Amino acid sequence: MAPFDVSVLGRLGEPLVSVLLGMAFGFVLERSGFGSAKKLTSQFYLDDMTVLKVMFTAIVTAMVLVLFATTIGILDYDRLFVNPTYLGSGILGGLIFGVGFVIGGFCPGTALVAAATLKLDGLLFVLGVLGGIFVFGYTVPEIDAFWNDSGNYGVLTLIDWLGLPMPVVVALAVALAFAFFAGGEWIEAWMRRKRATDTTNAPAEGSEAATRHTPVTRHRPILRRLAIALFGTTVVLGLLWHPLESRRKGALAARIEESIRLRKVQVDPRELADLYSEPKLALVVLDLRSEAEYNRFHLLDAKHLDATALSVATTLPPKSIKVLVAKDEAQELAAYRHLALARVENLYVLAGGMPSWMRLFSPQDVETTRLLALGDKHVASRSPAHDSSSRLPAYVPTVKRPGLGSKKSGGGCGG
Amino acid sequence: MNERSDAPRTWNPYLAGVALGVVLFTSFFVTGHGLGASGALARLVTFGVDTAAPKAVDTHAFFAALGGGARSTLSHWLVWEVIGILIGGFLSGLLAGRARLAMERGPRIRPTTRAALALLGGLLVGWGTQLSRGCTSGQALSGGAVLAVGSWAFMFAVFGGAYMVAYPLRKLWR
């Protein structure tokens, strides 16, 4: 099941795979004409929309292929690196990037290709990028809060954001891309007409206009075939999406069992106590025991969750840390499996169940509390004071803070 | 064949896009991540800082995140991939007769101006990539293909920023 762990190929596996992918990437960029600053900036002067065409075709082609591999169950979409969303810094960085693109004529990848084909402006641009990154390294402490906290949504996909199934989102993206293509072709044709008129009206300008002219061929037949291929595939995959649900769930279930086996979801009671005292953290403790047990005693702010109405938990905010608590770990894990399959994120269970908490934090015998209807008024339901937890031996932390970095390390080109 | 134009040796943009999409998908399928460029350059900068002033890496969170570990800053898939980009780009340029020493510029500006502008534009883009945690490759292309909301926002911001200044700066290119 893809993606694979390339480290199984040995020490040279990852470098080799990366160099080969880079070679293909560089080759295609150069073949698109992107080693030329003139070609690239023509996008912004509207007479050659190649940048838009190549970029959006690439995005939707890769997207449809990802959808295809996901639908038939050979690729695990949840294990792909998805760039975390930082809306504020991402948009401001993009605007600055766009300004620099027009001034310098490149983006980093295309400048590398230009430099590789001996274009001095490409090389200088790369040197400029290195300088810009250097300056950023020293200026980032000044804007740290903005860089990290402005519109930080963690890993947020269009699927989550729109609340639509993956094939529908892909179909919408493909439709948007083809709307751009139609617009791009229309603008190019309009610019060609405009140029022709300029040439007839002002012959003095004619020669210059001719040298500026970029040969553009009509792409209608290719565009039509591409539209049929991408839309057709998306529609077929959309129809297969629900019938093949069990195949995808099988992969998800295997991954859930792996996390349980490696104890990646079991939270030590001492860690839970520390989570209580973390002010910024949205913590939701879900008590799965019977209503009567819950009423007699429960952890501070714990919500009672009926084991027959688990689906309520799917409506909780995705970024909140959810900890399931029950009379033992087995009961917690049964609910965990159910909710994790329903793609509830940031979900954990209390290691050892309620008894392990009581052993650590209840000054009295657990049995005595069972006779009282205390709710959360019992001393053991509070998170213990810092000094008491600091006396306890250290634990191995399990909980990952959402939105602080990515769910999988080492992707993208953000660094 | 037209001497002045390289058009016969460039691919149709839609077919080039399909090829790029297949490369991008292969990257996701095999390695779990997309493509990138600026991340490798950030590692190169960190390597430079680490060589010139090792203390600066440890005292600046940004460099420490990239080069603070025991593993070499440059021992990373992004760096290998960029070496591949240079090889692949050169090969394609060589086969198409485009690997020639040159400096492209608009008709109205002098070579020295173009050189200064390439550096300045690079500086802005370099700073911007780190603010937005990725460039057109690692953020827009890769994140866009796996439906990351931030990547789509970044992509539209890049086009927005460029179109905002393209007309006022038209003398650079037209």
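Biologist: How many cavities of 30 Å³ or more does this structure hold?
Modeller: Two. A cavity here is a set of points on a 1 Å grid over the protein atoms alone where a 1.4 Å probe fits but cannot get out. This is a predicted model, with local features needing pLDDT of at least 70 and side-chain atom pairs pLDDT 80 or more, while totals for chains, interfaces and linings use all residues. Residues count from 1 along each chain as written, chains are lettered from A and ligands numbered from 1 in written order, and side-chain values use heavy atoms, without hydrogens and water.
Biologist: What's the volume of the largest cavity?
Modeller: About 190 Å³, counting the space filled by probe spheres set on the points. It has 16 lining residues, meaning ones with an atom within 4 Å of a point. Phe34(A), Met55(A), Cys107(A), Thr110(A) and Thr136(B) are the closest to its centre.
Biologist: Which helix gives the most to that lining?
Modeller: α7(B), with three residues. Helices are DSSP runs of H or I, at least four residues; strands are E, at least two. α1 and α3 of chain A and α7 and α8 of chain B each supply at least two residues of the largest cavity's lining.
Biologist: How many charged residues are in the lining of the largest cavity?
Modeller: None; there are 13 nonpolar and three polar ones. Asp, Glu, Lys and Arg count as charged.
Biologist: And what lines the second largest cavity?
Modeller: That cavity has about 50 Å³ of space. Its lining includes Tyr86(A), Arg133(B) and Phe154(B). β1 of chain A and α8 of chain B each give at least two residues. By class, that lining has three nonpolar, five polar and one charged.

Key:
1 Å grid on protein atoms, 1.4 Å probe; cavity = no way out; pocket = protein on both sides within 12 Å on 5 of 7 lines; lining within 4 Å.
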